[in-house]
Amino acid sequence: MAKISYMTVGSNKLEAAKAFYDDLLGSIGMKGVYDHPSGGRLYRGKGTGLFGVLGPYDGNPACVGNGILGGFDFETREEVDAFHTRAIELGGSCEGGPGERMPGAYFAYFRDLDGNKLCGYKFG
């Protein structure tokens, strides 16, 4: 099971983004718990924090922050691999396939449908 504290990403294509995250996050036991007034959705799983895909509060278009990254902490490397694979199958783009980035640090990077950069990782 992945662990996350709290993170949101913005989207300009909320219906497509919700379908992407319903499936991707559903694959790790997280489900939609609140349909946000912006048209987005908040997700949570047993023992996890909160993840949201939202329309920006200020009403301006969502944009991707260069260098901004959110991560999901997994218990095994196999879970990282499966999460990354699922994101790519759902139309995300690979930003660095699964592998060790330094001794004992295993990461896999991808971008969602709006270009938000996320990763799955396992330390140890």
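## Before you start

The model is predicted, so local features need pLDDT of at least 70 and side-chain atom pairs count only at pLDDT 80 or more, while totals for chains, interfaces and linings use all residues. Residues are numbered from 1 along each chain as its sequence is written, and side-chain values use heavy atoms, with hydrogens and water left out.

## Rings that meet

Let's begin with the aromatic rings. A search of the whole structure finds 10 aromatic pairs. Rings of Phe, Tyr and Trp (its six-membered ring) pair if their centres lie within 6.5 Å; planes under 30 degrees apart count as stacked, over 60 as edge-to-face and the rest as tilted. Phenylalanine 74 and phenylalanine 83 have ring centres 5.1 Å apart and planes at 50 degrees, so this pair is tilted. Both phenylalanine 74 and phenylalanine 83 are buried (under 20% relative accessible area; exposed is over 50%, and partly exposed is in between, with a 1.4 Å probe and protein chains only). Ring pairs also link Phe20, Tyr21, Phe51, Phe72, Phe74, Phe83 and Phe110 into a cluster.

## A pair between two strands

Which arrangement do phenylalanine 107 and phenylalanine 123 form? Their pair is edge-to-face, with 5.6 Å centre to centre and 80 degrees between the planes. Phenylalanine 107 lies in strand 7 (residues 105-111) and phenylalanine 123 in strand 8 (residues 117-123), so the pair ties together parts that are 16 residues apart in sequence. Strands here are DSSP runs (E, at least two residues), numbered from the N terminus. Phenylalanine 107 is buried, at 14% relative accessible area, whereas phenylalanine 123 is partly exposed, at 45%.

## Strand 1 and its partner

In a regular strand the side chains alternate between the two faces of the sheet. Strand 1 has Met7 and Val9 on a covered face, and Tyr6, Thr8 and Gly10 on an uncovered one. Strand 1 pairs with strand 4 (residues 50-54) in the parallel sense over 5 bridges; two strands pair if DSSP finds at least two bridges between them. Valine 9 stands opposite valine 53 in strand 4.

## The lining of the largest pocket

Strand 1 turns up again here. The largest share of the lining of the largest pocket, 4 residues, comes from strand 1.
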